[in-house]
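This report describes one protein chain, from its overall shape down to single residues. Please keep the sequence and the model at hand while reading.

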Amino acid sequence: MKATGNLRRVDEMGRVVIPKKLRDSLNLQSEDSIEIFVEEDKIVLQKYEPGCLFCDSTESTIEYMGKQICLDCLKEMDNS
């Protein structure tokens, strides 16, 4: 894990501001969703990327009727 040298305090409502430089480097825009994970004693934040409804892949997905479907699963459905 790479140290950034940034130190932020948790406010009384549990919020933490992610520095603009980090948001920009991760292409994190206002109103984007993030996922929160716990790994041992660490909190990990990750930009949410919706995956395929069937296989959860985030590669080559398209939106179909409001749901994400990857091209592989779409091809498989066409072959059925």
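Helices here are DSSP runs of H or I with at least four residues, and strands are runs of E with at least two, numbered from the N terminus. The model is predicted.

## Overall layout

The chain contains two helices and four strands. Along the sequence these elements follow the order α-β-β-β-β-α.

The radius of gyration of the chain is 17 Å, whereas a compact globule of 80 residues would have one near 12 Å. Taken along the principal axes, the box filled by the C-alpha atoms is roughly 55 × 30 × 25 Å. Of the 80 residues, 11% are buried. Contacts between residues at least 24 apart in sequence make up 3% of those between residues at least 6 apart. The accessible surface is about 7500 Å², and carbon and sulfur atoms account for 51% of that surface.

## Salt bridges

Side chains of opposite charge can pair when their charged atoms come close. Lys20 is exposed, at 52% relative accessibility, while Asp24 is partly exposed at 46%.

A second pair is Asp11 with Arg15, whose side chains meet with an N to O distance of 2.8 Å. Asp11 has a relative accessible area of 26% and is partly exposed. Arg15 is also partly exposed, at 47%.

Which residue forms a salt bridge with Lys47? The partner is Asp32, and the N to O distance is 3.5 Å. Lys47 lies in strand β2 (residues 42-47) and Asp32 in the loop between α1 and β1 (34-39), so this pair ties together parts that are 15 residues apart in sequence. Both side chains belong to partly exposed residues: Lys47 has 25% relative accessibility, and Asp32 has 31%.

## The hairpin of β3 and β4

Strand β3 (residues 61-64) and strand β4 (residues 67-70) run antiparallel and are joined by four bridges. Within this pairing, Thr61 is opposite Cys70 of β4. Two residues lie between the strands of the hairpin, and Met65 has a positive phi near 50 degrees.

Ser60 is located in the loop between β2 and β3. Leaving aside residues up to four places away in sequence, Ser60 touches Ile69, Cys70 and Leu71. Its relative accessible area is 48%, so Ser60 counts as partly exposed. Ser60 and Leu22 are 38 residues apart in sequence, and their C-alpha atoms are 26 Å apart in space.

## The segment before α1

Asn6 is found in the segment before α1. Where does Asn6 make contacts, once residues up to four places away in sequence are set aside? Asn6 touches Pro19 and Leu22. At 38% relative accessibility, Asn6 is partly exposed. From Asn6 to Gln46 the C-alpha distance is 17 Å, with the two residues 40 apart in sequence.

Key
Residues numbered from 1 in each chain as written. Predicted model: local features only at pLDDT ≥ 70, side-chain atom pairs only at ≥ 80, totals over all residues. Heavy atoms only, no water. Salt bridge = Lys/Arg side-chain N within 4 Å of Asp/Glu carboxyl O. Buried < 20%, exposed > 50% of the residue type's maximum accessible area, 1.4 Å probe, protein only. Pairing = 2+ DSSP bridges. Contact = heavy atoms within 4.5 Å. Rg over C-alpha atoms; globule rule 2.2 N^0.38 Å. Areas by Shrake-Rupley, 256 points an atom, 1.4 Å probe, with all protein chains shown as cover.
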